[in-house]
Amino acid sequence: MPSRLNFWLDTLLTALAPAIWGSTYIVTTQFLPPDRPFTAALLRCLPSGILLVLFCKRLPLSREWGRLLVLAALNIGFFQALLFIAAYRLPGGMAAVIGSIQPLLIMAMAWLLDKRRPAVVAITASIFAVLGMAALLLSATAVMDAVGLAAAATGAICMAGGTYLSRRWQSSLPVLAFTGWQLLLGGLILLPLSLLVDAPLPALNLTQILGYAYLSIVGALLAYSLWFRGIARLSPVAVSSLGLLSPITAVILGWVVLDQSMRGMSLAGLLIVLTSVIVVQKSMRNQA
């Protein structure tokens, strides 16, 4: 069982990953060429995966390739593609609200597959997190789209399954190599989507080059390394609940940088989500 200090240090380091991902929206909308979602996902994942694989110079064991491909598809390739489809077809925030069910999905997986009954306090806090996310991000006039809803729900299932299996399937690779191979394989899954769906990139200026570099080096290489490190040390439910910090960071950055408004209901939702995340961390500490 980790000491209290080590536990909270691991939690804070892991929380940096979704906080970094929360900056993706503002970087994409303010600094990158428009309407190229799969290209942005590809350039975030593939270059950083190549860099990490070349740096680590570690190959998976022959028996690990199948599992690694499954994890890369769930955590990177499928999830990124579905996330962008949902973001384009759903009103603002709906994809994040649906994604907030991930801790509940992982608790259900642990209960069904590992016979580990989740703590009532963790279930309750996770339900309140979903409600808080809805209060923070949804408007009363939101119109639903069936394809977008299906993409968001499937993406949430993929990420929850990838987080759960990443902990359950122990790898011989160190964290950096484990991260690199997933980013590389996930990027290769995204490559045909980028080529077939998105328009070709125009000539990039320095700002756009730096934007893509930020998404790749900070948003993928650093963030996913911290994320998979956290999965190896913390409960999958605790890690998944930290993912709720991504939309919260996006909202705060929009408020601070873009002068977007935050009203009473939004502030209440933000506080509910933050409180729920802390409660889940405490309740899952002994299951790390």
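## Cys 56 and the end of helix 3

Cys 56 is found in helix 3, which spans residues 37-56; helices (H or I, at least four residues) and strands (E, at least two) are DSSP runs numbered from the N terminus. The model is predicted, so local features need pLDDT of at least 70 and side-chain atom pairs count only at pLDDT 80 or more, while totals for chains, interfaces and linings use all residues. Residues are numbered from 1 along each chain as its sequence is written, and side-chain values use heavy atoms, with hydrogens and water left out.

With a relative accessible area of 18%, Cys 56 is buried; here buried means under 20% relative accessible area, exposed over 50%, and partly exposed in between, with a 1.4 Å probe and protein chains only. Leaving aside neighbours within four places in sequence, Cys 56 is in contact with Leu 176 and Ala 177, contact being heavy atoms within 4.5 Å. Cys 56 and Val 97 are 41 residues apart along the chain, and their C-alpha atoms are separated by 36 Å.

## Overall architecture

The secondary structure comprises 13 helices and zero strands. The radius of gyration is 18 Å, close to the 19 Å given by the globule rule for 288 residues, so the chain is as compact as a globular protein of that length. The radius of gyration is taken over C-alpha atoms, and the globule rule is 2.2 Å times the number of residues to the power 0.38. Along the principal axes, the C-alpha atoms fill a box of roughly 55 × 50 × 35 Å.

Of the 288 residues, 50% count as buried. Among contacts with a separation of 6 or more, 91% are accounted for by residues 24 or more positions apart.

## Nonpolar cores

The largest nonpolar core has 60 residues, and those with the most contacts inside it are Leu 90, Leu 183, Tyr 224 and Trp 227. Its largest share, ten residues, comes from helix 4 (residues 65-89). Apart from this core lies another, of 14 residues, among them Ala 129, Leu 242, Leu 245 and Val 273. A nonpolar core is a set of buried Ala, Val, Leu, Ile, Met, Phe, Trp, Tyr and Cys residues joined through side-chain atoms within 4.5 Å.

## Buried glycine and aspartate

Gly 162 lies in helix 8 (residues 146-168) and counts as buried at 0% relative accessibility. Beyond neighbours within four places in sequence, Gly 162 is in contact with Leu 71, Leu 74 and Asn 75.

Asp 10, in helix 1 (residues 4-21), is also buried, with a relative accessible area of 7%. Asp 10 touches Arg 229, Arg 233 and Leu 234, residues up to four places away in sequence not being counted.

## Loop lysines with positive phi

Most residues other than glycine have a negative phi. Lys 57 has a positive phi of about 55° and lies in the loop between helix 3 and helix 4. Lys 57 is exposed, with a relative accessible area of 72%.

Lys 115 has a positive phi of about 60° and lies in the loop between helix 6 (102-114) and helix 7 (120-137). Lys 115 is exposed, at 68% relative accessible area.
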